[in-house]
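User: I would like to learn how to read a protein model step by step. Could you take me through this one?

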Amino acid sequence: MDYILLSKNEKQIDFAKKLKIAQSHASRLIADKAKPSERLIDDICETYSVNRAWLLDESDEPWANVTDNDFVSAIIAAYNLSGPIRSVVEIYLDLSDEQRTGLARLVEMVRCVQKKAAPQGSEDDLSYEQEQAISTRLAAELAARLPDENVLGALEEEI
């Protein structure tokens, strides 16, 4: 158990809170003076992505094999993200390194254009008409900067 805390750079009190156990019990577990219950083993494995066999001293590999789907689910749950954002994360994971680089460039272009298009002041103060004007200008500038017009059409269809 101590290995988990060291690997995750976590304190004993945080370990106890995450697992909803008394700090004294966490201390005994970490010092190998107590054995975890089956339920606690399940909670540790789920919370820390630990290999159950390792926790039971049956394996040398401490970390469970986490699939992309498990990873996405963990991110979605941790950040309380909505369905469309989950789709974006899943699509991103399926991209090649070259495609990810292209996407990063596109996002950076959007940021630059947004900064140029937005009027001074808080974005919260924008009227519907101002937001539409900014969106139109953003789309026009992106279209001018994108080398392939089909990319913009594909993006619009996805949205």
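**Reading the model**

Analyst: In this chain of 159 residues, buried residues make up 23%, and please keep in mind throughout that the model is a predicted one.

User: Which secondary structure elements does the chain contain?

Analyst: The chain comes to 10 helices and 0 strands, so that, read from the N terminus on, the order of elements is α-α-α-α-α-α-α-α-α-α. Of the contacts with a separation of 6 or more, 38% are between residues 24 or more positions apart.

User: How does one describe two helices that pack together?

Analyst: Two packed helices are described by the angle between their axes together with the distance between those axes. Here, the axes of helix α2 (residues 12-19) and helix α4 (residues 38-48) come within 10 Å and cross at roughly 110°. Angles of 65 to 115 degrees count as roughly perpendicular, and α2 and α4 are therefore roughly perpendicular to each other.

User: Which residues of α2 and α4 meet?

Analyst: On the α2 side they are D14, F15, K18 and L19, and these meet L40, D43, I44, T47 and Y48 of α4. By type, the residues of this contact divide into 5 nonpolar, 1 polar and 3 charged.

User: How is empty space found?

Analyst: Rolling a probe the size of a water molecule over the atoms shows where empty space is left. In this model, the second largest pocket holds about 290 Å³ of space, and the residues that line this pocket include M1, L29, K35, W54 and D57. Its lining divides into 8 nonpolar, no polar and 3 charged residues.

Technical notes
Residues are numbered from 1 along each chain as its sequence is written. This is a predicted model: local features need pLDDT of at least 70, side-chain atom pairs count only at pLDDT 80 or more; totals for chains, interfaces and linings use all residues. Side-chain values use heavy atoms; hydrogens and water are left out. Axes are lines fitted to C-alpha atoms, for helices over the stretch in contact, and angles run from 0 to 180 degrees between N-to-C directions. Helices (H or I, at least four residues) and strands (E, at least two) are DSSP runs, numbered from the N terminus. Angles under 35 degrees count as roughly parallel, over 145 as roughly antiparallel, 65 to 115 as roughly perpendicular and the rest as oblique. Contact means heavy atoms within 4.5 Å. Ala, Val, Leu, Ile, Met, Phe, Trp, Tyr, Cys and Pro count as nonpolar, Asp, Glu, Lys and Arg as charged, and the others, Gly among them, as polar. On a 1 Å grid over the protein atoms alone, a cavity is a set of points where a 1.4 Å probe fits but cannot get out, and a pocket is an open set with protein on both sides within 12 Å along at least five of seven lines; lining residues have an atom within 4 Å of a point. Grid points are joined across faces, edges and corners, and a volume is the space filled by probe spheres set on the points. Buried means under 20% relative accessible area, exposed over 50%, partly exposed in between (1.4 Å probe, protein chains only).
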